[in-house]
Amino acid sequence: MTGSPLIAIWLALVLGQTPPAGVAPAATGTPVGHAAGTPAPASLHKVPVGLEINGKEAQGRHIVFTFDDGPNYRTTPILLDYLDAYGIKAVFYVNGRRFWGKNPIAVRNREVLGEVHRRGHYVGNHTWAHPNMATLNGAAQTKQIVRNERAIEHITGYKPVLYRPPFGLMTRFSRALLKRRGYTAVLWNLDSNDPFERSAGKSFANVLKDLFLYRQGMVLMHDTNAWSVESIPRIIRATYLWNCELAARGEPVFEFATTSEFHIDPDGKVPEPTLAMLQAARIRRNKMAQWCADLGKGVTKP
Ligand SMILES: [Zn+2]
């Protein structure tokens, strides 16, 4: 069918075959756990300010999981356990309407959002109520952003600096406002299409197809869907298997990263990687090669 082992692995995974035994890294069972109210990991704060990025600005093969429209007390905790099992940090773009107030569901969602923060993920602003901002006047757009910002700050202790526009739609007013308030707007290039194709297999295949094309970027997902959460371990395992082939060829491997790995210069160009970045990539590649070599020996933690 094909001469490339990579394509073979990828097709096998897309077609839903089970990956070889021992591929899934064992759960560490040790959540990152810092106290509520403390800032998220410093690396997540080193994001560019006042910019718009879409996932094509990394200086390496970095992938960021982003989860919108939550939290959801039924699905988000399962996702958090998956991410912990692989030691991956993600960005959650949340809506205040879902986790604020006395409504029992909001109360449960609020507890989950606290847990998202405690486990070291970044909480970003996705507006209070997920409106189409183009239908709102300036005052209403400001309220959508600022009210949500305060709700997030109340839970996490920090003012969010990452913004995901509802429906990916930016207005001229919101652009100017976000810039003034120090936000970077984060779009995406690896689209699971999970609101429309309600299946873990389709989410998985859509992300892998886009990753095949761009080799880096922001994955758009919604942690409010069971099928989206279900696709996450499959996407991670497929990427690690792909890494095995890349490492064997001495190529840079993929890494699940944070938004801080995505930069653009003020002139709009993606800067060249620094020596430190190249060294980090080399260490990653060697570690991955070791993990791949250990696959058959039952050692499964990357
Ligand atoms: Zn959304």
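The accessible surface of the protein chain comes to about 13,700 Å². Carbon and sulfur atoms hold 56% of that surface. Accessible areas here come from the Shrake-Rupley method with a 1.4 Å probe, and for residues only the protein chains shown count as cover.

A word on the source. This is a predicted model, where local features need pLDDT of at least 70, side-chain atom pairs count only at pLDDT 80 or more, and totals for chains, interfaces and linings use all residues. Residues are numbered from 1 along each chain as its sequence is written, and side-chain values use heavy atoms, with hydrogens and water left out.

Now the fold. The protein chain has nine helices and nine strands. Those are DSSP runs, numbered from the N terminus: helices are H or I with at least four residues, strands are E with at least two. The chain has 302 residues, and 51% of them count as buried. Buried means under 20% relative accessible area, exposed means over 50%, and partly exposed is in between (1.4 Å probe, protein chains only). Next, contacts, meaning heavy atoms within 4.5 Å. Take those between residues at least 6 apart in sequence: 78% join residues at least 24 apart.

On to the metal. Which residues coordinate the zinc ion? Asp 69 through OD, His 126 through NE2 and His 130 through NE2, at 2.0 to 2.1 Å. In sequence, these donor residues are spaced D-x56-H-x3-H. Asp 69 lies in the loop between β2 (62-68) and α2 (76-85), and His 130 in the loop between β4 (122-125) and α5 (138-156), so the pair ties together parts that are 61 residues apart in sequence. Donors are N, O and S atoms within 2.8 Å of the metal (3.2 Å for Na, K and Ca); water is not among the atoms, so sites may look incomplete.

Are Asp 69 and His 130 buried or exposed? Asp 69 is buried, at 19% relative accessible area. His 130 is buried too, at 18%.

Look at the backbone next. Gly 70 and Pro 71 are joined by a cis peptide bond, with omega about 0°. Pro 71 sits in the loop between β2 and α2. Thr 127 is not a glycine, yet its phi is positive, about 75°. Thr 127 belongs to the loop between β4 and α5. Its relative accessibility is 0%, so Thr 127 counts as buried. Arg 215 also has a positive phi, about 65°, without being a glycine. You will find Arg 215 in the loop between α7 (200-214) and β8 (217-222). Arg 215 is partly exposed, at 28%.

Last stop, the second largest pocket. How much space lies in it? About 350 Å³. Of its 20 lining residues, the closest to the centre are His 62, Glu 261, Met 277, Ala 280 and Arg 284. Helix α9 (residues 275-294) gives the largest share of the lining, seven residues. On a 1 Å grid over the protein atoms alone, a pocket is an open set of points where a 1.4 Å probe fits, with protein on both sides within 12 Å along at least five of seven lines; lining residues have an atom within 4 Å of a point. Points are joined across faces, edges and corners, and the volume is the space filled by probe spheres set on them.

One more residue. Gln 59 is in the loop between β1 (52-53) and β2. Gln 59 is buried, at 18%. Leaving aside neighbours within four places in sequence, its contacts include Glu 261, His 263 and Met 277.
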